[in-house]
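Hi,

Here is the structure I promised to pass on. Have a look at it first, and then read my notes below.

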Amino acid sequence: MKDLQPITLPGLDSIRPLLIAGPCSAETEEQLLTTAHSLARHGVQIFRAGLWKPRTKPGGFEGVGTEGMAWMRRVKEETGMFTATEVATRAHVEAALEGGIDLLWIGARTAANPFAMQEIADTLKGVDIPVLVKNPVSPDLELWIGALERIYNAGIRRLGAIHRGFTWVDKSIYRNHPFWTIPIELHRRIPNLPILCDPSHIGGKRELIAPLSQQAMDLGFDGLLIEAHCAPDTAWSDKAQQVAPDTLAFIISNLILRDMNTTTDNLNELRRQIDKLDDELIDLLARRMQVATEIGRYKKAHNLSVLQSQRYEDILARRARQAVEAGMDREFMRSVMQAIHEESIRQQLKVIE
Ligand code: PEP
Ligand code: MN
C-alpha cells in the first residue's frame, strides 16, 4: 500500500491529532444540530454520527437510517463541518454517497466479516472518498489488514484505520481491551497508514477518554474518534462513554503532544544502552539454545521424549514468579518463556530427526 494518501478533505487543516467527534447515534434533528453547533464552536472540523447502528441484540435503537441524511446535510450547511458516518452494506454506502457524507467508516462487527467488507469495497469502486476501517471485534491483525486491503483494492487511497479495542475474556476496566501491540504492529506492517484511536469504545466510560487519548498520542497515533453528545446521560446508545462538547474541548486542549521524530543526545544514549542489552540478550539466548541442543543429543542417545511437560510447567511457574519479584508482568514472562521453549523444542527436534 505504498501509494496511500493522508486523510485530507478540501479545506481541512492538517493538524495532529486529526479529530472526529460527534454522537454515537443521530437520534433527532434537534439533538444532532445542537451537538454539531457546540462542537463546531469548539473547533471540531469533522462531525460523526451513526445513522445505522449495529446492535449486539435486536430490539435496541437501530438508528434513524436514511431519514437522518437530511439532518447531516443541515449540519454541514449550518456549521461548515465535514460529516462522517458508519456504513455496513451496499445500500448504506449508496445512501451516504448520495447524501453527500464526506468520510465513511466501517464498524468493528462489519470489519470482522469478509463478505460484508467485499460488498462495501465493490460499491466503492471508482469513488474517491476517505474511508476508515475499525479493527474487527476479535484481536486478529490479519483480519484487520484483510479488511483494509479489500478497500485499498477497490481504489481507495485516503484510507485509515481506527483502533477501538477488542472483545476479550478477562474482565478489566475497559469495555474493549486495547491490546496496544496490535495497532503498533499494524503500523510496523503498513507505516504510511494513518491510525486513529477511539477511546470511547475502548474505555466504555467517559472517565477513561482523557487517559486513553493521551496514551494514543504518546504512542504516535494520528488522530482520535471520540463520541460527544449534547446531553450524554440521555443518549439512546453508548451513553456512559459520551462526553458533552465542552468536556471534549477540555480533554483535547489538555493533551500533551509529543514530538515523534526529533531525538536528543540523551535519548540516543539510552537507545544505545538498549541496543547493547539486546545484543547481550541474543547472545545469551543463542547459548541457551546450544545447551538445549546438547540435551537433545542426550535424549536421543537415551531414547527419552523431547517434551517433558512437568519440567516445562516448573520452568514457567518459577520464572513467572521471579519476574513478578523483579517488577515485571507475570503473563509477559510466561509468554517469553513459552516462546523460548518453543524454539528450544524446535532445535532439539532437529538433532533427533
Ligand atoms: C460506533 O462508532 O458507534 C460503533 C458502533 O463502533 P464499533 O464499530 O467500534 O463498535
Ligand atoms: Mn457508539
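Predicted model: local features only at pLDDT ≥ 70, side-chain atom pairs only at ≥ 80, totals over all residues.

Two other contacts with the ligand are worth a look. The side chain of K134 has an N or O atom 2.7 Å from an oxygen atom of ligand 1, and a backbone N or O atom of A108 is 2.8 Å from an oxygen atom of the ligand. The residues around ligand 1 also include C24, R48, W105, R164 and E227. By class, this shell has seven charged, three nonpolar and two polar residues.

Now to the strands. How many residues of β6 (residues 159-163) are buried? Five of its five are, and both faces of the strand are covered: L159, A161 and H163 are buried on one side, G160 and I162 on the other.

β6 has a parallel partner in β5 (residues 131-134), joined to it by four bridges, with L132 opposite G160. β6 also pairs in the parallel sense with β7 (residues 195-197), over three bridges, and here I162 stands opposite L196.

β5, α6 (residues 141-153) and β6 form a right-handed β-α-β unit. β6, α7 (residues 181-189) and β7 form a right-handed β-α-β unit too.

Happy browsing, and best wishes

Technical notes: Residues numbered from 1 in each chain as written. Chains lettered and ligands numbered in written order. Heavy atoms only, no water. Buried < 20%, exposed > 50% of the residue type's maximum accessible area, 1.4 Å probe, protein only. Helix = DSSP H or I, 4+ residues; strand = E, 2+ residues; numbered from the N terminus. Pairing = 2+ DSSP bridges. Right-handed = clockwise from strand over helix to strand, strands pointing away. Near = heavy atom within 4 Å. Polar contact = N/O pair within 3.5 Å; in protein donor to acceptor, adjacent residues only side chain to side chain. Nonpolar A, V, L, I, M, F, W, Y, C, P; charged D, E, K, R; others polar.
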